[in-house]
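Welcome to a short tour. Please open the model in your viewer and keep the selection tool at hand.

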Amino acid sequence: MSWRTHNGYQVIRMTGPAFACYLVQKDDMSILIDTSRKFFRKQLLSGLKNQGINTLKYLILTHAHFDHCENAAILKEQKGAVVIAHHLTTSMLESGTNEMIRGSVMATKPITDLFKHHIPAMFRYKPVHPDIIVPDAGYDLSSERLNIRILCTPGHTPGSISIIIDDEIALVGDLMTGFFPGIIFPHFADEPERIYDSWNKLLETTCSIFLPAHGFAIRRKTIESAARTKK
């Protein structure tokens, strides 16, 4: 599945909606957002080959959980990608460990509370060194003549970021999920109280399509409605 902006940026979902990563293309420039799970590596590499991509300009990691980073090191090695990540994720990426994973809804909170000391160790991945560190103020790729910017959107994790493409499409990692109509609050969040603030930060952009790492595309009206439910 793919989306295109008015200036010709194409966003392609490279793996399935359960564990999605996205390819952003403009002319001869290719950027990958997240890397999905290790068992999707063959599918991902095959998809890049089918797109005629031998090199990646950037690999942007929305946060340091295993299901987003397991293929990061090999993609940096094989595709020459410059890795971009938030400053709070650097130590975890370099050690191949996870940010805290906490359930935020009734179904997931008891599980993570019970196994909170085991989950990070269970899902280690090959370490990767970030080349560009995103500060809390965000990061802008306009110096590369790209209408792409990175916003810091904590909540799922303190180091979560979202990528704004051409002010039309936002790639939001795990800041929201898109499996069930109208229900977008993430099942896991280290700082759930910050989710709504980050949603409102995204609503300050002119984006109309929001692409989560888990689930399907979410429209702006859905986020506006969900943001109003904060008590």
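**Stop one: helix H8**

Select residues 220-227, helix H8, and pick out its buried residues: Ile223, Ala226 and Ala227. Buried here means under 20% relative accessible area, with exposed over 50% and partly exposed in between (1.4 Å probe, protein chains only). Helices (H or I, at least four residues) and strands (E, at least two) are DSSP runs, numbered from the N terminus. These three residues cover an arc of only 95° around the axis, which puts them on the same side of H8; the arc is that of the directions from the helix axis to the C-beta atoms. An α-helix has 3.6 residues a turn, so residues three or four places apart point the same way.

Before moving on, note that this is a predicted model: local features need pLDDT of at least 70, side-chain atom pairs count only at pLDDT 80 or more, and totals for chains, interfaces and linings use all residues. Residues are numbered from 1 along each chain as its sequence is written, and side-chain values use heavy atoms, with hydrogens and water left out.

What covers the buried residues of H8? Show helix H7 (195-203), strand E12 (209-212) and strand E13 (218-219), which are among the covering elements.

**Stop two: the loop between H4 and H5**

Next, select Asn98, in the loop between helix H4 (90-95) and helix H5 (109-115). Asn98 counts as buried because its relative accessibility is 7%. Its side chain reaches the backbone nitrogen of Phe66 at 2.7 Å, a polar contact (a pair of N or O atoms within 3.5 Å; within protein, one must be able to donate a hydrogen and the other to accept it, and residues adjacent in sequence count only if both atoms are side-chain atoms).

Thr97 lies in this loop between H4 and H5 too. With 18% relative accessibility, Thr97 also counts as buried. Leaving aside neighbours within four places in sequence, display what Thr97 is in contact with: Ala64, Met92, Arg124 and Tyr125. Contact means heavy atoms within 4.5 Å.

**Stop three: the lining of the cavity**

Finally, select Ala20, Tyr22, Ile33, Asp34, Thr62, Leu171, Val172, Gly173, Leu211, Pro212 and Ala213, which line the largest cavity. A cavity is a set of points, on a 1 Å grid over the protein atoms alone, where a 1.4 Å probe fits but cannot get out; lining residues have an atom within 4 Å of a point. Strand E11 (169-173) and E12 each give two or more residues to this lining, and E11 gives the most, with three.

Notes
1 Å grid on protein atoms, 1.4 Å probe; cavity = no way out; pocket = protein on both sides within 12 Å on 5 of 7 lines; lining within 4 Å.
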